[in-house]
Amino acid sequence: MVPDADFRSYHDRPIIKPPVWKVPDVPAYLYLGGTAGVSASLAALADLTGRPGLRRSGRLVAAAGAVSSVAFLIHDLGRPERFLNMMRVLKPTSPLSVGSWILAPFGTATGLAAASELAGLLPGAGRAAGAAGAVLGPAMTTYTAVLLADTAVPGWHEAYRELPFVFAGSALASGGGAALLTGHGDGPPRRVAVAGAALELAASHRLESRIGMSAHAYRTGRAGRILRAARAATAAGVVAAVAGPAADALHRRRPRRRRLLDAVAGLLLNGGSAATRWGVFDAGMATAWDPAYTVVPQRERLRRREAEQEERHE
Amino acid sequence: MAEAHPVGFQWVMEAKRRGATVIHVDPRFTRTSAVADLHVPIRAGTDIAFLGGLIRYVLENDLWFDEYVRAYTNAPMIVREDFRDTEDLDGLFSGYDPETGSYDVHTWQYADADVEASAGFRDEQRAMAQEHERGEIAGSGGAPFTGTPTRDDTLEHPRCVFQLLRRHYARYTPEMVQQVCGIEPDTFLRVARALTDNSNRERTSAFCYAVGWTHHTVGVQYIRAASVLQGLLGNIGRPGGGILALRGHASIQGSTDIPTLYDLLPGYIPMPHAHREQDLASFVVNNAGEKGYWGHMDTYLVSLLKAWFGDAATRGNDFCFDHLPRLDGDHSSFPTVMAQARGEVPGYFVIGENPAVGTANSRQQRRGLANLEWLVVRDLNMIETATFWQDGPEIATGEMVTEDIGTEVFFLPAANHTEKDGTFTNTQRLLQWHHKAVEPPGDCRSDLWFYYELGKRLKARVASSTDPRDRPLQDLTWDYPVEVGPTGIAEPSADAVLREINGRHADGTPLSSYTEMRADGSTSGGCWIYTGVYADGVNQSARRRPGREQDLLAHEWGWAWPANRRVLYNRASADPDGKPWSERKKLVWWDGERWTGDDVPDFPATTAPGHVPESQTAGAASIAGNEPFVMQGDGRAWLYAPAGLLDGPMPAHYEPQESPVPNALYPAQGANPARQQFPSPENTYNPSGEHFPYVFTTFRVTEHHTAGGMSRWTPRLNELFPEMFLEVSPELAAERGLRNNDWGHVVTARSAIEGRIVVTDRATPLRVGDGNGGTRVIHQIGVPWHWGPNGLSTGDAANELLSVALDPNVHIMETKAATCDIRPGRRPRGPALVRYLADRRRAAGLEE
Amino acid sequence: MGSLSGPLDDPTRDAGYPADHPGRVGFFTDTSVCIGCKACEVACKEWNALPADGVSDRGAGGDVLGMAGMGYDNTGGLGGSTYRHVAFVEQRVPASRSAPTDLGMPSMDLPGATQSGEHRADATEVRWLMSSDVCKHCTHAACLDVCPTGSLIRTEHGTVLVQSDICNGCGYCIPACPYGVIDQRPGDGRAFKCTMCQDRLGAGMAPACATACPTESIRFGPLDELRAEADARLATLQSHGVTGARLYGRDPDDGVGGDGAFFLLLDEPEVYGLPPDPVVTTRDLPSMWRHAAAAALAVAATVGAAFVGVRR
């Protein structure tokens, strides 16, 4: 319960229905999709710029992420056997429909690219598929934010402006982090990861300072703990990711490879990213269960509107 | 009413929409209270004090409907000189015999009436008969009555009914109402003003009641109190007036009209007693009235006998009058069950009732069931009455052992109302036909099928008997046509039964009115008041013309007895000259030649307002033109009952059998001195005092039906109210440490039952007089009685808690007010429960 | 794609039906005459063959038949198998609810009623409000908008209907509904809600709940007629001094473009478990997509930039 919330409810019961989406299915789906999206983009540019290791790692992570993301999505359906009903229609009003139409070709493209990579066959087709995946990749990272925001869940809906940037930053951090983890983090991935982490932290901060009462849910309870852990992991991941190169730069020596430190950085960034998605998910759930988050802001809105109307009358 | 009669309550809401004020007087704040303009919480069992207060308010403030009262009520009648009121005898009326706990009612009669003159054999019989049957004959009108009482139309004679009333209720002041009922004078006056402001030439008020008024040791007097009030206010026989009895079940009205009561024949004709040498003629002389429509009882009874015994019933054999069973005592439900426990009753049919949980002191009921030779239970579900021998509460406590119970139980599954044709008769005497919608499943059969088949088998068994006791069965007409349904069941025609009830002329054509009945055997009819339901050979009860497509009173929706009349005694809606009291409240009137109007006139159609009859003993022809109450021996509404009641001619407030406080009005009396009590080890009564400090009242919720036989097996009802619960106020919860939705249990000398605690502001503690000049708070606990151990939704039965103490007139038990204790937590189980109860009784001084 | 928010005269036409489609129908639930009998709940379950599913924290649907600890409400709320739900609201209010109404009769000059019993604040009395909740069949229905399979549709009668042979149980409609109406049926996986008895509408019959309601608290009919009826009823109540009376969901200018099923309430909506100012979530969807697109571009730019000027 929100402290000092002066409001009335029906037996303290939720007004909106809390989502039936399951943990870890949906947070995992959010996290994996984002990681896969950035990885696909990294792989394609790596391909273009002649970084076979990063290309390979990126293609594999993208495909694995896409496939498992789809698996989690299907697993979460009430009627998994009807997954393909998602493809009956394309509805711009439904972020899940749009998302399905992003996820399906993305999964196909990254799958083909990964297959080409693993089999070593048809590199041209692999490159084309990888390029397609790279184009869809950024969309993969942010459509899920709309997916959450386009609900009546106060903690998500009221964050609809910030949430895409949180997810974008989170995806960049985890995508870059995945490359660090696989030992291909030097150069662009490290920059991506650090920039992403910065974006994630900044956007999260902005979110919590802008969405009003629901911010409380982001700071307290289990969601608050998860999000604090996420920030700590992300920050630590950034430190780990830049510590080596920074030390090298400080000592004006040739950059060294630090597989272990990069792996730790990659793990921390991915852990932070996954925790961010989980925390956002959890915070939203908390605002759905507690009717105060629905009633108090709406009451406030009504009060403002009535005051405005009165002003206009005067 | 909204709780238990939500469908009927639509009309209250409609009235409210049109501006009516709705006042709800109830110990509990219910769904009715929620939509009422005013809820008046009252201490359970004190309504006569409240109604008496209203009567006094009317009398002391000159608010009665003067012309109506003088002309249409017995206010001017003068009562015998030796009558003594409760004011004279410390709370007793004259004639009380403390030995028998009953009244000799003779002194209550009108002065100078002929009752005493025709003494002797007839009177002796009448006195005996009065003990058991007189209360219920009033189901279709007043008690039969003879003679021409003297009266004082100035209402000033000290022994006239009006003055007796005034004196009797003089102490029922608003302050006394507060002392007794816990109702603050402000609230009381608010009710009094609303009622009296709304009762005059232009306006009428109605009372609705249900078993909250009847289930008391003074239940009949509750209704009498309302009758006195409505009579004074001129609210009877007029549109929007009256006293509406909301019955406890669908068609309970029907089951008293064509009775399942031991002491009545169809149409409220008394069941004959086992008098020696009583023939049809002397039975009629002793039981029929002389004036009004009860004066023609012979035609109703002979037609009934012709319907039952057909050609075998002849003038020569008194129309088989001797075939009727005879009463030799009180065979009402509770004495019968006590006789069962003594092993005096071999067999028992239980049809559509569930006494093992549905009747007061249900443990006593099960004791009776366990001492039968055989028991037939016909019901929709496997109710507790059919399974008490294997899993009843006494099996759990070890007080009974299945192997020791010799009762052979036959459970016969019954068809429900959607699976058979037939009628419901509702509270306004409206017969409504229902059509079979689906075939009954499996072995389920309609009651009609069961009794028809049983009768056929019994008749076959005695077909060749020469034993005279088999003659009634042999002579019984039993030839209903059957219709074979799609599942092969040969169902007797309910339509044919309704035709038989309606009655026929000798040539077989249907009667159209009971006035066509003859005592010479030329007509037959199964229930005289229902005659006309098949007039013109049409099932009038099956009519379904919507109200908005027909006249104001919807005469073409179903059919109301008698004669499709919708407002009884509606002659009273016109003044003595036959003109409506007001344009706004007109209903029937004299047009110069006959009675006419918006309803079927409840009066001889061509008896002019000024008509003075030549004879006082000619039945309907004796009705004067200004006497609207045509079923009453004196043609008037009774503000005072000179005959027909066993516990007083005027309602007096008596405490319930179990009460936490003394009787503030009559300190020398506690409960009704004429009530029936049955003290025994398993029917001990709670003493007053600290051990049972709270009041409980049983009640229903909309979601369940009576003892649950229909509803506890219905998932979509059970989810709405899934568990037994106990309703308490926050104040009582604090006093006893009860928490919402936790368990608690209620204890009486009889048993302890548990339920989920519902703590609610709706429950109001009341402050009443403590009998010593001070006041005290009374907490009242609501105990729903729908639960029992069987079904999908189970729980303890409220009736375990109750004792058996009865109203003397109609033998109804007191379920609506008793004392108890309440404690947090579940009740003890198994043998521990027996020990727990024994401890509680010992503490209360009830056991050594 | 129809419009996402704002007043809309004809959502059926907006959904692509030909102009000669049947008129829009709806419910007007007048809670001032509700007696809480729950006949609507039972009639609905009977007609729609819905299971008794008890109560859970999210409303109905716990599959446990037990007392909810909420007084006379033991089904909790709407749910996947509970399309009508009667709320019971117990309140202590200032003792004035029984304001004398003008009956065209002599003045009654009623003194203020107070409850007996010294423990209670003198100036309060108990009020017990009852209200039958149902799907609002919004003009702009979020559930319908967000459904990715096209299972949720606007019907020819202007109502919102789940086609359960299409629904794959993605659950998106559930948090999308600003009223908390639609829910998953446990054990089935699909989402369900009030159909306004689509099968009865087609046969020219009124929905089961409205047919069963004994006091005409639930009124069914053409929406424009119901709105006029509701306005008149509100005026009557207000003229009788029932100051708390208000219409909820009647206004086509509200956040969902007005409800197909609207209410006359006697207190603030949240007291009955209804949101005070619901807004269809997809009203903001264009902005959401814009923000998401900007964020996606930021991702692309970041990744691209990361490759710029880096030595291999």
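Figure 1. Cys143(C) is in contact (C-beta atoms, placed from the backbone, within 7 Å) with Leu152(C), Val160(C), Cys173(C), Ala176(C), Cys177(C) and Ile182(C), residues up to four places away in sequence being left out. The model is predicted: local features need pLDDT of at least 70, side-chain atom pairs count only at pLDDT 80 or more, and totals for chains, interfaces and linings use all residues. Residues are numbered from 1 along each chain as its sequence is written, while chains are lettered from A and ligands numbered from 1 in the order in which they are written. Cys143(C), Cys173(C) and Cys177(C), together with Ile55(B) and Val746(B), have the most contacts inside the largest nonpolar core, a set of 402 residues. Such a core consists of buried Ala, Val, Leu, Ile, Met, Phe, Trp, Tyr and Cys residues joined through C-beta atoms within 7 Å. A residue is buried if 20 or more other C-beta atoms lie within 10 Å of its own, exposed if 12 or fewer, and partly exposed in between, with C-beta atoms placed from the backbone. H1(A) gives the most to this core, namely 14 residues.

**Figure 2. The side of chain A that touches chain C.** Contacts link 69 residues of chain A with 61 residues of chain C. At least two residues of this side of chain A come from each of helix H1 (25-48), helix H3 (95-119), helix H4 (123-149), helix H6 (163-181), helix H7 (188-210) and helix H11 (291-313). Helices (H or I, at least four residues) and strands (E, at least two) are DSSP runs, numbered from the N terminus. H4(A) supplies the largest share, 8 residues. By class, the side of chain A that touches chain C holds 39 nonpolar, 18 polar and 12 charged residues; Ala, Val, Leu, Ile, Met, Phe, Trp, Tyr, Cys and Pro count as nonpolar, Asp, Glu, Lys and Arg as charged, and the others, Gly among them, as polar. Of the 2 pairs of chains in contact, A and C share the most contacts. Chains A and B, by contrast, do not touch, and their nearest C-alpha atoms are 13 Å apart.

Figure 3. Chain A has 11 helices and 0 strands. Its radius of gyration, taken over C-alpha atoms, is 21 Å, close to the 20 Å that the globule rule gives for 314 residues, so chain A is as compact as a globular protein of that length. The globule rule is 2.2 Å times the number of residues to the power 0.38. Buried residues account for 62% of the 314 residues in chain A. The peptide bond from Val23(A) to Pro24(A) is cis, with omega near 10°, and Pro24(A) is placed in the segment before H1 of chain A.

**Figure 4. Backbone geometry in loops of chain B.** Most residues other than glycine have a negative phi, and most peptide bonds are trans. Trp561(B) and Pro562(B) are joined by a cis peptide bond with omega about -10°; Pro562(B) lies in the loop between strand S18 (559-560) and strand S19 (588-590) of chain B. Ala554(B) has a positive phi, near 55°, and belongs to the loop between strand S17 (523-524) and S18 of chain B. Ala554(B) counts as partly exposed because 17 C-beta neighbours lie inside 10 Å. Thr706(B) also has a positive phi, near 40°, in the loop between strand S22 (694-699) and helix H22 (715-718) of chain B. With 18 other C-beta atoms within 10 Å, Thr706(B) is partly exposed.

**Figure 5. A three-stranded open sheet in chain B.** The strand order is S12-S13-S18 (chain B), and the pairing is antiparallel. Strand S12 (422-425) and S18 of chain B stand at the edges with a single partner strand each, so one side of each is left without a neighbour in the sheet. Two strands pair if DSSP finds at least two bridges between them; 4 bridges join S12(B) to the antiparallel strand S13 (residues 430-434) of chain B. Thr423(B) has Trp433(B) as its bridge partner in S13(B).

Figure 6. In the model, residues 288-310 of chain C are 83% helix and 0% strand, with the end C-alpha atoms 34 Å apart.
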